[in-house]
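Please examine the sequence and the structure shown below.

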Amino acid sequence: MNEIPATSRKYQFTVDMADRIVDENVRDGRAELLHINRRVLSSAFARTTGLLHRTLQRQEAAGDEGFAWPSHIIKALPLGSYLVSYVKGFGHCVSTFVNSIGTSQSAKRQLAIGGGEEEVRAEKLAQELLWIMDKLRRCGAVDEALMQWSFASGLASFSLTSNPRVQGSIVKISAILVEELSRVDYEVPRQVKFRLLGLWLPLFCFAGNGLAFPFLTGYEKAETERALDIVISTLPANEQEAILTNWLQDFTISSSEWPNLQVSYDRWCRSTRKLTAT
């Protein structure tokens, strides 16, 4: 599915067939078929995550060409994640002006086509990843996705400057996994919770949030905030401090009002006061 162009008439046929096979295995309910679903979907999730990461990496590298300060350097500066989108926008304006003066028409056309192909591929992969995530949840097999998402630091970094349609799919996946973390009836390693929150909370704060087509409804945002509060409350005090301090720094400089974790922050402050008083 990853390799078939979305414009191909065979693409929707392939998606529909995969959809039907997974759903029929779930309805059948036999352990062997559910195990097959789990293995295939987990493998597809890992592969698609890697492909999306590399595609966004190529996109960012292409956007950095001809600009003196690459994005990875800017991100290392204070407020780097916040500044990088503005710097990239400025660089794009400058390069567009320079190209309009000194670049041949054929070269400009080739650059536009190449960049457009990568952007379309990234959107397609992000949508496929969301589809796989939905199937994993319906199969009750999100534990593998939780583990993989908690290690996807490269994807989390590049997603901050990806286009809104890619961000939308990634925000939805992250919100689903946070909700699953808050209500799973088995023990999730503490490190997985900590890494997942640490990696993906910045995207929640800085994503474009879909002004034309909102990523999440008001209800979904409220439910995600509730789930975040539950997950944060299960962490040790020092890890809560790290998560909430970073959240507060991002939240206060972002243009978004979501996620508002003041309830979690106030609870951590109260518990810290009690510890210092004893």
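The second largest pocket is lined by 16 residues, and those nearest its centre are Ala18, Val40, Leu41, Ala44 and Trp131. Helix H1 (9-28), helix H2 (31-64) and helix H5 (105-138) are the elements that each give two or more residues to this lining. H2 supplies the largest share, with 7 residues. Helices here are DSSP runs (H or I, at least four residues), strands are runs of E with at least two, and both are numbered from the N terminus. The model is predicted, so local features need pLDDT of at least 70 and side-chain atom pairs count only at pLDDT 80 or more, whereas totals for chains, interfaces and linings use all residues. Residues are numbered from 1 along each chain as its sequence is written, and side-chain values use heavy atoms, with hydrogens and water left out.

Rolling a probe the size of a water molecule over the atoms shows where empty space is left. On a 1 Å grid over the protein atoms alone, a pocket is an open set of points with protein on both sides within 12 Å along at least five of seven lines, whereas a cavity is a set where a 1.4 Å probe fits but cannot get out; lining residues have an atom within 4 Å of a point. The second largest pocket has a volume of about 290 Å³, a volume being the space filled by probe spheres set on the points, which are joined across faces, edges and corners. Its lining has 10 nonpolar, 5 polar and 1 charged residues. In this classification Ala, Val, Leu, Ile, Met, Phe, Trp, Tyr, Cys and Pro are nonpolar, Asp, Glu, Lys and Arg are charged, and the others, Gly among them, are polar.

Charged pairs come next. Side chains of opposite charge can pair when their charged atoms come close. The structure holds 15 salt bridges, each a side-chain nitrogen of Lys or Arg within 4 Å of a carboxyl oxygen of Asp or Glu. One of them joins Arg165 and Glu119 (3.7 Å, N to O). This pair links distant parts of the chain, with Arg165 in helix H8 (residues 164-183) and Glu119 in helix H5, 46 residues apart. Arg165 is exposed at 52% relative accessibility, while Glu119 is partly exposed at 27%; buried means under 20% relative accessible area, exposed over 50%, and partly exposed in between (1.4 Å probe, protein chains only).

Within helix H5, Glu128 and Lys124 are 4 residues apart, and therefore separated by about one helical turn. Their side chains meet in a salt bridge (2.7 Å, N to O), and both Glu128 and Lys124 are buried.

Leaving aside residues up to four places away in sequence, Leu52 touches Ala122, Leu125, Ala126, Leu129, Leu155, Val166 and Ile170.

The protein as a whole has 12 helices and 0 strands. Of its 278 residues, 40% count as buried. Among contacts (heavy atoms within 4.5 Å) with a separation of 6 or more, 77% are between residues 24 or more positions apart.
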